[in-house]
Amino acid sequence: VSAKGRGIGAGLYDDFLQIDAPINRGSSGGPSFNLRGEVVGVNTAIFSPSGGNVGIGFAVPASMAEGVVADLKAHGSVARGWLGVLIQDVTRELAESFGMKTPHGALVAEVMDGSPAANAGLKEGDIITSFNGSKITYSSDLPPLVGRVRAGSVATLQLMRDGKSRVAKVTIGELPKEEEFQQATAKEKKSKSNMLGMSVLAVPDEVRELSGVEEGGVAVEGVEPGAAADAGIRSGDVIVKLNGIKLKGVEHFRQVVNALPRGKSVPVLIRRRSGPMFLALRVPE
């Protein structure tokens, strides 16, 4: 075993052992043994540019496999813990905009209605820094930890909100089936923001229904070279919050933009086809 906790893009719950023992095609599902003959993992994948073994393989940890087997025996399916948040990494720019000295943790981009996180009072913009005592360095650290906790268990979260540390107790739920997120775009009355380099529209009713933005917000019609483009804002995005302020519409957007601190990075909460996310926008001088 050369590494633990490796992610290989297999899904939210990536937590693989990286092993040097050769794994060939057809070996997936076989056991990886230690020198005492104990099973430490279930062979899953190999890193292979050419298709043949190059000595780098990945295995599901035996401890995780045992939990899966137990669930299958008891319920016929695998039950994973569910928190009910959409998260992203904290970049250096976002860390600055949220008043953090160093980037770390899982930034909450959305709290789902009726979820365990919502019931516990978590909010958009919270940064989860530990889960049941385990440090969260990257957002990918959180889902495997939550997934291992059984529904009904109480978990302790350490988080940052408005630059202050706080503790939250969350009763973990069971992961529901995923629903596809869709978003439509349409043109209405627009507003041009020369300072940020983007034009925005009132959010059409059909976009609200599909995006989950119940009220307020503005839809981005176009983006020119400038602050908005540098932040990663795209045409079709729906801007929900700017600098922590929930936008009420196009006119309110103008007012909030005019009051932004010049030369500083501010957080922007957007929704797009792939889901909600925070971006760091540096306001021009």
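**Notebook: fold, confidence and a pocket**

I counted seven helices and 20 strands in the protein chain, taking helices (H or I, at least four residues) and strands (E, at least two) as DSSP runs numbered from the N terminus. I note that this is a predicted model, in which local features need pLDDT of at least 70 and side-chain atom pairs count only at pLDDT 80 or more, while totals for chains, interfaces and linings use all residues. Residues are numbered from 1 along each chain as its sequence is written, and side-chain values use heavy atoms, with hydrogens and water left out.

I looked up the pLDDT (the predictor's confidence in each residue, from 0 to 100) and found that the chain averages 81, with 83% of the residues at 70 or above.

I then checked burial: 43% of the 285 residues are buried, that is, under 20% relative accessible area with a 1.4 Å probe, protein chains only.

Next I turned to the second largest pocket, with a volume of about 360 Å³; a pocket is an open set of points on a 1 Å grid over the protein atoms alone where a 1.4 Å probe fits, with protein on both sides within 12 Å along at least five of seven lines, and lining residues have an atom within 4 Å of a point. The volume is the space filled by probe spheres set on the points, which are joined across faces, edges and corners. Of its 19 lining residues, Phe 98, Glu 124, Gly 125, Asp 162 and Gly 244 are the closest to the centre. Strand S19 gives the most to this lining, three residues.

Methods:
Buried < 20%, exposed > 50% of the residue type's maximum accessible area, 1.4 Å probe, protein only.
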